[in-house]
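Colleague: Hi! Could you walk me through this one before I set anything up?
Modeller: Happy to, here it is.

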Amino acid sequence: MNTRFSIKSTVGSAPWIWSYAAAAVMALVTITFSRASGGLDLLTASMSFATFFALTGVAQLFVITLGPGNIDLSIPANINLSAAVAMQVMGGSDTMVLIGLLAAMAVGSLVGLGNYLLIALLKIPPIIATLASSFVVQSIAIAYAGGYRVQPPPGLKEFVRAKIGPVPLMALAAILITMCLAVLLHKTPFGRGITALGQNPTAARLANIAVERTRALTYALAATIAAFCGVLLAAFSGGSSLEMGNEYLLSSIAVVVIGGTAITGGRSFLSGVWGASFFLFLLITMLNALGASPGLRLMMMGIIICLVVFLASFRNAGIGQAVFAPLLKASRRPR
Amino acid sequence: MITLLQYRVLLPLVTLIALTGTIFILQPRTMSYFGLSLLFSFILPIALATVAQMFVIAVNEIDLSIGAYVSFATVTVVTYLDTDPAIAVGLLLGAIALHTAVGALIQLFQMPSIVITLGMSFFWGGCALMVRPLPGGHAPDWLTAIVKVKTPFVPFPILACVVLALLLHLLLMRSAVGTIFRGTGGNERAIRNAGLSVTGIKSAMFFLSGLFGVLSGVVLAGLIVSADADIASNYTLLSIAAVILGGGLFVGGIVSPTGAVIGAATLTLAASFLSFINVPADWQTGAQGAILIIALALRGITERYEH
């Protein structure tokens, strides 16, 4: 056995390190450019906002791990509906917080099960099935909430804004939940079943993994996490709104991939989701600090996401080799 | 194989006829030249965007940026084409070139197209916002005249879609080049062993996708009064749904150009249909989702009978 420490092999087996490195660079650039605001304020803000990117990303990660083609496009609609349910059930009263939270998560798990049933019974590709279900879920949210904005209970509002030193309590709770989910994914038979399915469904079936049950539970789990995130988001932004989940559709996929997880499934890193979420928030902050127009900001975000994926596509090889090998191969190819 | 293909085109066609028939019964006044032009007024840009998506799906990739891309083309046309045609043409050609380059890079570096085009959707959205930060603009009168032309007997949007479907059918299903295009989605290695460049073919498909995306944006610009940077953002998911509804599969190079155009028409009509049967505004999106689910469920059932 080779026991020598090697940076290359360490990074190769832990591609999520890149997302933290990228986040650190962004933090340095932002602090340098924004001069006035302190680093601690930035830490607090980035942890709060990264929580929402990360939880939606974690939900997406579980579905993506299931294998090629698996994706959940219903996360935004699910967030909108569950948050509306939670706020209405809580009705601004602290005693109902737990019941409201459970109600929202129950709604979420139903949405997830609905997604699975569409995929399995109708044999529709997940991208289309979850798109269709998101239409239905969004309609239910519109009909249910009817445009009213219910204030979150004061206790819950206090919790999502509470801090220990500079660290938001909500972010700590979310990180703890992510750790539990990491144990679930990597150490339990259920979680290993998800990964096995993503690597080779036939082998997983032969290894006696309950394929359909694993799929169903994974879609339900992902939707439940998204619903939980919806409740936090509604509490954080002073009530639920019918569009508040929409910006998390693309970001949930982006943070999974930037975090080093394979989009084709079977190889996932929950820690990377957090690194990528910090990166994404800091990127937005940096572009704001530079005074970029909204258009330029979006454009730069697109370029940087593509660039990160581009760099990640050859993190196992040396960068020089990776850039030139395909070009050489292309030039040698017969015309 | 022939029956399989027939079913693939037949089912969306039956769905489309059923929808149109129901609308005719509910509102007989739509059964006229004017009624039909109104019902199908926005079908052409959606069909063109669907075709753009189809080219990419044919080679086993997916394009999540097409909505933002079409928006960019539309705002470019309404902002520059009348006053500075050179800038407009330059921007549109540049967009096609960049889209083609993205396709080439995806193949060269084996990057997941779903993520790269996701990033590109931010890019094109940003570009569109920079061209037109506030809603407004004006398409050249000649463009409006072309897309709103009154053709005899059959309204222009329907005529244009039929011609589009026929031309694409000839290109993709009946020509040697089309076989190679679809073959790349079916068996990449076979294409490579035949001495062809997969990178070249995928670039060509992204070029065609970029071209039709720009066409979609230009036609959309002629149809609307004023544009904003988000004008076509729902085309991304609409186009994917239409391709699949029209009998396409995400893998294997199995696509049907006629089916895709019919799928686009079905989804366009679904919206009109729902307002005709007095579905409350709150439930219209949901009912659209339900129509999509029913149409795909029917497809699943017919396919199971075939096997």
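Modeller: One term to start: buried area is the accessible area (1.4 Å probe) that two parts lose on being put together, summed over both. This is a predicted model, where local features need pLDDT of at least 70, side-chain atom pairs count only at pLDDT 80 or more, and totals for chains, interfaces and linings use all residues. Residues are numbered from 1 along each chain as its sequence is written, chains are lettered from A and ligands numbered from 1 in the order in which they are written, and side-chain values use heavy atoms, with hydrogens and water left out.

Colleague: Thanks! How much area do chain A and chain B bury between them?
Modeller: About 3700 Å², with 84% of that on carbon and sulfur atoms. Chain A puts 46 residues into the contact and chain B puts in 40, where contact means heavy atoms within 4.5 Å.

Colleague: Which helix of chain A gives the most to the side that touches chain B?
Modeller: Helix 14 of chain A, with 12 residues. Helices here are DSSP runs (H or I, at least four residues), numbered from the N terminus. The side of chain A that touches chain B divides into 38 nonpolar, five polar and three charged residues. In that scheme Ala, Val, Leu, Ile, Met, Phe, Trp, Tyr, Cys and Pro are nonpolar, Asp, Glu, Lys and Arg are charged, and the others, Gly among them, are polar.

Colleague: Switching topic: at what angle do helix 3 and helix 11 of chain B pack?
Modeller: About 170°, with the axes 8 Å apart. Axes are lines fitted to C-alpha atoms over the stretch in contact, and angles run from 0 to 180 degrees between N-to-C directions. The two helices are therefore roughly antiparallel, a label for angles over 145 degrees. Their contact has 17 nonpolar, three polar and no charged residues; Phe55(B) and Phe212(B) are among them.

Colleague: What about helix 8 and helix 11 of chain A, how do their axes cross?
Modeller: At roughly 175°, coming within 13 Å. The contact there has nine nonpolar residues, no polar and no charged, including Ile177(A) and Phe228(A).

Colleague: Last one: how many salt bridges over all chains?
Modeller: Four. One joins the side chains of Glu61(B) and Lys202(B) at 2.8 Å, N to O. Glu61(B) sits in the loop between helix 3 and helix 4 of chain B, Lys202(B) in helix 11 of chain B, 141 residues apart.

Definitions and conventions. Angles under 35 degrees count as roughly parallel, over 145 as roughly antiparallel, 65 to 115 as roughly perpendicular and the rest as oblique.
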